[in-house]
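Let's take a friendly walk through a protein structure. Have a look at the picture first, and then we will visit a few residues together.

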Amino acid sequence: MLRIVLPLAASLVFADDAHRIIATNCLPCHGGSTKLSGLDLSTRATMLTGGKRGAALVPGSASASLIYQFASHAKQPAMPPEIGRAHV
């Protein structure tokens, strides 16, 4: 298994970018009072709990994480539905 260790600053930037993308593209339908498919993406804990299709996040495995599969359009339904991959 290949492991890449990022400097702390790079990790923080990645976390900020991921948070911004999720807040903009996912939380309107999967956070707060709206939880389509029973999915709340507002915290790591609720991502791990998941919704009707299971856990959205699999720690250590982006490819096994439903949030990645739907956002990359590798699995249907592609999310977010109103924009394409280039915008995410």
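## A strand and one of its residues

A strand here is a DSSP run of E with at least two residues, and strands are numbered from the N terminus. In this predicted model, strand S1 covers residues 30–31, and His-30 lies in it.

Is His-30 buried or exposed? Its relative accessibility is 13%, so His-30 counts as buried, given that buried means under 20%. Setting aside residues up to four places away in sequence, His-30 touches Lys-35, Leu-36, Leu-39, Asp-40, Leu-41 and Ser-42.

How many disulfides does a search of the whole structure find? The search finds zero. A disulfide needs two cysteine sulfur atoms within 2.5 Å. For Cys-26, the closest cysteine sulfur belongs to Cys-29 and is 8.9 Å away, so the two are too far apart for a bond.

What about their surroundings? Cys-26 counts as buried because its relative accessibility is 16%, while Cys-29, with a relative accessible area of 36%, is partly exposed.

## After a helix

Ala-78 sits in the segment after helix H3, which spans 66–71. With a relative accessibility of 17%, Ala-78 counts as buried.

Which residues does Ala-78 contact, leaving aside neighbours within four places in sequence? They are Phe-70 and His-73. Ala-78 and Ile-67 are eleven residues apart along the chain, and their C-alpha atoms are separated by 9.9 Å.

Definitions and conventions
Residues are numbered from 1 along each chain as its sequence is written. This is a predicted model: local features need pLDDT of at least 70, side-chain atom pairs count only at pLDDT 80 or more; totals for chains, interfaces and linings use all residues. Side-chain values use heavy atoms; hydrogens and water are left out. Helices (H or I, at least four residues) and strands (E, at least two) are DSSP runs, numbered from the N terminus. Buried means under 20% relative accessible area, exposed over 50%, partly exposed in between (1.4 Å probe, protein chains only). Contact means heavy atoms within 4.5 Å.
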